[in-house]
Each structure stands twice: as C-alpha cells, then as structure tokens.
Amino acid sequence: MLLDRIYAFFEIVASLTADPVTLGILFGSVFLGIMFGAMPGLTSTLGIALLTALTYSMDTPMAMVCLLAIYVGGTYGGSYSSILINIPGTAAAAATAMDGYPLAMKGEGGRAIGLTTTSSAIGTAISMLFVVAISPIISSFALQFTSFEFFLLAFFGILISGTLTSPDLVVKGWISGFLGLFLACVGRDQLQFYPRFTFGIPELDGGIEVVPVLIGAFGIPQIIEVLKTQIQIAKAKKLQKIMPEIGTVIRNFPVIIRSAFIGVGIGSVPGIGEDIAGWVSYGTAKNTSKHPETFGKGEYQGVIASETANNACVGGAMIPLLNLGIPGSPPAAMLLGALMLHGVTPGPMITFEHPTFIMEVAAILLLSSMAMWVVGMLLAKQVVKVLRIPTPLFMPIIGVLCIIGSYSLGLNIFNLYLMLPVGIICYFLISMGYPIAPLVIGVILGPMADENIRRALMVSQGSFMPIFQRPVSLILFLIIVFTVLSQTPWYKRGLAKVKNTLFRSN
Amino acid sequence: MMDKENLRKADFFSGSLVTLFGIFVVVKSLGMPMKDSWGGVQNVWYVSPAIFPLFVGSMLVLLGSMLIRTALKTIGSSGVKAVFQYLMSTVFRGFLRSRETVRFYGILLLLLSFVFLMVPRVDFFLAATLFLLAFFCMFYLDRADLLIRLMLLYCIGMIALLLVLLLSERLSAVLQHPGDWFVLVFSVLFAVIVRIRISGNREIGKKYTIALLLAVAAPFLIGIIFKYFLLVPMPYEGLIIELLDVIWYAEIWG
C-alpha cells in the first residue's frame, strides 16, 4: 500500500516534469509569486486571486500548478523586502525583518537570502511529506463524520480563526466570522429553495459568488491602504554572494526541522496564516537559543526559523483544505474558491472522486519548492529590481486586474457591484481592528454549516442529543465551549487563581 | 489600525451597528416559513430556511452587545459624549480635509466611477486607460496641489459622462458609441491639462511620461490577454474593441 503510494507519487512527479509547458508554467508562476511577495502591498493571496481568473480556462492540474506555485513563491518572496528594505513584502515575512534587515546592514543580505531560500524550500518539502502522510488518516477519519460533526467543524473553524487572527479584541474576530456566515445565507437556501435576503434582486438568487467576494475582501483594502498612506520605500541594500554554505545549513538543520513542524501545525489550524507561523517559530527559536540576546541584531537562526515556518505552513494549510474542505490559511481560502470553479470539491470524498488529487498537490508542492530554490538562487538579483518600482504605479494596475478578474469569473457584471462594496466595507473593518480571514472563512464554510445543521436535525427529528452521544461531536463541542470560555474574564481570573495557588504551595 | 483608546470609541459605534444589523437579520428571518407550508410542503422548525440566519443574527446581536459593553467599560459614557463632541469640532473637519483623507476620497472616487459608471457602459480599453491615467497623475506624480484639482476635473468629467450616457440613445443617431468618444476626448484633455500644470518641472515631467505610457500600455496588455487569449468578452465592447476585432480577425493573418 505504502509502496504503491510512493510509486504513484513519483509517477505524477515524472509526468509533470516531462511536460515542458507544465515546467514553463511552474517556473513562471514561482517567479511571478516571488515578485508578488517581494513587492510591498502585494500578497500571495492577491496573487492567487488574480491568477484564478487567468487559470479559469486551463485544465485542473495545470491550474493547480499555477496557483500552488504562486502560493509557494509568494510566501517566500516576502523575505526579499523584509531583508533588504526592512518592509515585509507580505505579513508572512514580518518576523523575517527582525533579523534579516540587521544582516543586510552588516552587508550579509545575500547570504541571508540564500539561507532563507534554502530553508523555505526545505520547509515546503517537509510540509509536502505531511500532506502525503497525514491526508489518508484524516480523510478516512472524516468519512465517519455525520452532519452534526460537519456543522461543529465549520463552527469551530470560524471561532478559532476569529480567536487567533484578531489583532484587537477576540469578539471582533467572531463578529467578522458571523458576518461572513450572513453573506453565505444570501440567496435561495439549498434545501427548500426559499429566497433569503435577496431583496427582490434576481442576481442574488444564486447566492453570493465566493471568488469575487474574496478578491474584494483581500484586494480592495490593500489597494486603498497602500495608496492612501503611500509608503516611502528605502533603497534596497546590495546583494553579494547568495549561495549558502552547506555547513551553515547543516548547523541550522535542527532549527529548520523544528520550524517546519511548527509551520505545518499552525497551517493545519483553520484560517490561521503564514504570518502567525512565522512569529511563533521566531519566538520559539529565540526562547530555545543559547544566545537569545543576538536575536534582533542579525541572527541567522531568526530568519531561518520564520522563513521555514511560513513556507511549511503552505503544506499544513493544504491538509484541512483537501481532507475537510476547510481552508487552513487565507491563501488556501482563495485556493478553495479556485478549486470549486474547476469543479473539485475538497472534503472527505475527494479520495473517491479524484483519487490522485492529493498526490498531485503533494507533487506540485515538491516541484514548486525546487523551482523556488532554483529561481531564488539564479534570479535573486533581478527580483530585487522590482523593489524599485513605486507602489502608485503597480497598485492601480492590480485594481484593474481585480476588477476584470472578478467579472471574468462567470462573466457577470453584478460580481463587480458586489466585489467593490465588500472591499470597501472590509477596508473599514480592518481599520477598526476586525480581522478579515474569519469573514472569508465564514463565507466559504457558511453553506456547509447551514446545510449540515438542518440535515442533522432532520435525521434526529429536531433533537440536539446526538452531539452528546457521538464521541467526535462531543469532543468538537467541548473544544468550542473551551475556546469561548477561555476568552471570558471568569476563566482568566480562575486561571490566575489556580496559578497563584500552585505558586504558593510551592 | 487606530490606537487603543480610539479603537474602543470606534467599537461602541461598530458594536451598535453590528447589533442593529443582527436585529435586522433576526426580524427578516422570523418572516421566513417556520412551521407553515412553503411550495406545498408542510414545514417543521428544524428544516426551516430561517433556522441558520436566525442563529447568525442572534449571535451578531449577542457579540455586538458584548463589544458595546467592553467599549463602555473602557471609555465610559463620557467617552461616547467625547466622540460626538469630536464629530462636531473643527479638529474633525480638519481630519476630513487632511492629505491622507483626501487621498482616500480620490481612491474611492476613481474605483466607484470605474466600476459603476465606466466598466458596464464604456469600451474597456478606454475606460481602463482613463482610470489608470487619473490614478497615476493623482498618486504617482504625488503633488498635493495637483491632487485636489485633478479630483475636481475628474468629477466634472464623470458628471459629463453620465449626461452623455443618459443621452446616448439620441446621440447614437449622430455618432456611434458616444460614451467612448467622450472618454477618449476627456482622457486626452486630462493628459494635456496635467502636462500644462507640471510644465517646468523636469523630474515630474519624466514621471508623467512613464505614467502616460503605462496608462495606455497596461489596459492593452490586460485587455488583449483576457479578450483574445482567455476569450472573455468584455463587459462593453465599443470603439477600440471593434477596431481590435477587425485587426485580430482580419484574414491577412491567415
């Protein structure tokens, strides 16, 4: 069985590499992703959003190569601007700037980029191993799920995403998630076809299309924010030798492995992105280091930890996405939208409906990490040149792409009328400290939650008792209750009391 | 994002809006079939289409109220009063006229006019060229004095375009695609006015040339990819697309 899987995996890798068009798309998308990540203001999520429209007419495997390569490249590309100009190209690379820029100031920017390229590639490759190894287990486990479990899982995804991504109060993250769920309610309901919140507008009957909402939620606030504040970008530091010494990589191997594990773990939690993985990994590297005082002053372990984790998060985010249909990060949410457009519905049934799909994703991840390493090593000096392009020149073009991209998915002008207001509302929400990831997760998971709670109640004749009778749903229910209670002042006071008691008794 | 104190003040208002919105969702949901029949099918409460929105609406009311409570605990009722006083003060009027806020108006004006006015009614290439030209001139040239003047000029242009589009049926008898012709003429006029305004400044002049070239080249590149390679029909195909169609599908290419 295992040998069959390994054989199937390498067969897919061979078939992908044997096709020159696929290889061209792979390298081109990785390069484009790196540029998207490197330019402050552009993100891998936005890159996937824009490429979704361009890949609409491609076949599914080719589109997946394109989208996953841009995801991997974009996550890594953020390190360029973090290291060379002290402005993270993406939120995922924010922790990289802590030590990357001091290294560039010392004239070691090239070496730092070489190391981040290598560690990012290793991080992605390790996460690919997890996708292959864990997916069958989760998938077969998820096959036991009934409607109650799916409802609770969707609810848990929104709650945990709201809890962990909120930059201010946790309650704002939850509100954001429920606003997303409301958007998912718009349109005719799936069981009885009753029009909900359509206000007599026929275009709303089919519900709100996910991809234009995602493009609006991620793209428009970014365009407004970047052009409104107009960040003055410092001159990028020059690059010297990029190829890292093997010895340095081997010396830091334990940090790379630990960071990859952190990245995969955080990536697999619904809605939590690469930025959190980067920070957690950076913090862990600092706390476990024998010389934490060097962190923040140009410590290689700092950049390695954050870059390995944020790239390992890509594979981690694929695990719940492919097996449960729950996106592990905002770019994965965008990817889910793209998959749905291509007629692939991720979830426990994916192994039956598309038996080789998970293997294909793993193979693309491996090839993307290799392509990223090659492009990073060969073209780093050229990529740095894009940092000289002023943001007011490329942001309006991104705006045009967002608009024409939203329209082209379904050739519906109404998508534009929806995309822009959603984007403007999201801009205001972001400026008031509301996270956007839970809203997006809510829009995606809303139909799943709605359909499953009603189906579950139909089977149980209106009884909620099965939640407490089925072990998985009981565990999920208890986790949800704990997630909510852990945010209350009573819990925090209680925890402080317990700590005090323990401290006194010692 | 705002600082913590201002965030709590904003929370009071956003929390109130969320609560009101939640109430609206609950009220609308209660109007959906719960136990009565819909489409000839006798309903039971647990399969009603209202059940999920009712849950979402109730949660929004609960969470919105929690946010209001947290905000009030931090800023107190005096904090709420202070917000109203601030909204009536000259400081707030100053904020509305600050450079960053004016830039924000400019971005909104350009995006809204492009999406709601131009894209559905004007040839995509022309609409995108004017949109990019205005964006570059307002934000890439980065001159505070120019920004407001160009915003006003653009506003006048959009009002005039609206009038042209309203009269398009009558105007079409004389000239095909009147909206397209108007946008073409207005774009040239806009570019000339900006050129006159910045004359004498070599550095800005150089930026202007880049902006002009990019404003024309980018829509053509994007438009050609979508229209001819991805075979996406544009929302409105007018003057330029008709011309491009003639060239693209001409038999001389074999």
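Trainee: How many residues does the contact take from chain A and from chain B?
Mentor: First, this is a predicted model, where local features need pLDDT of at least 70, side-chain atom pairs count only at pLDDT 80 or more, and totals for chains, interfaces and linings use all residues. Residues are numbered from 1 along each chain as its sequence is written, with chains lettered from A and ligands numbered from 1 in the order in which they are written. Two residues are in contact if their C-beta atoms, placed from the backbone, lie within 7 Å. Here the contact takes 48 residues from chain A and 54 residues from chain B.

Trainee: Which helix gives the most to the side of chain A that touches chain B?
Mentor: Helices are DSSP runs (H or I, at least four residues), numbered from the N terminus. H17(A) gives the most, with 11 residues.

Trainee: How do I describe two packed helices?
Mentor: By the angle between their axes and the distance between the axes. Axes are lines fitted to C-alpha atoms over the stretch in contact, and angles run from 0 to 180 degrees between N-to-C directions. Helix H13 (residues 300-324) and helix H14 (residues 330-341) of chain A pack at about 40°, axes 10 Å apart. That makes H13(A) oblique to H14(A), because angles under 35 degrees count as roughly parallel, over 145 as roughly antiparallel, 65 to 115 as roughly perpendicular and the rest as oblique.

Trainee: Which residues in H13(A) meet which in H14(A)?
Mentor: A:Ala317, A:Met318 and A:Leu321 in H13(A) meet A:Ala332, A:Leu335 and A:Leu336 in H14(A). A:Leu335 is also among the residues that A:Leu67 touches.

Terms used: Helix = DSSP H or I, 4+ residues; strand = E, 2+ residues; numbered from the N terminus. Lists of a residue's contacts leave out its neighbours within four places in sequence.
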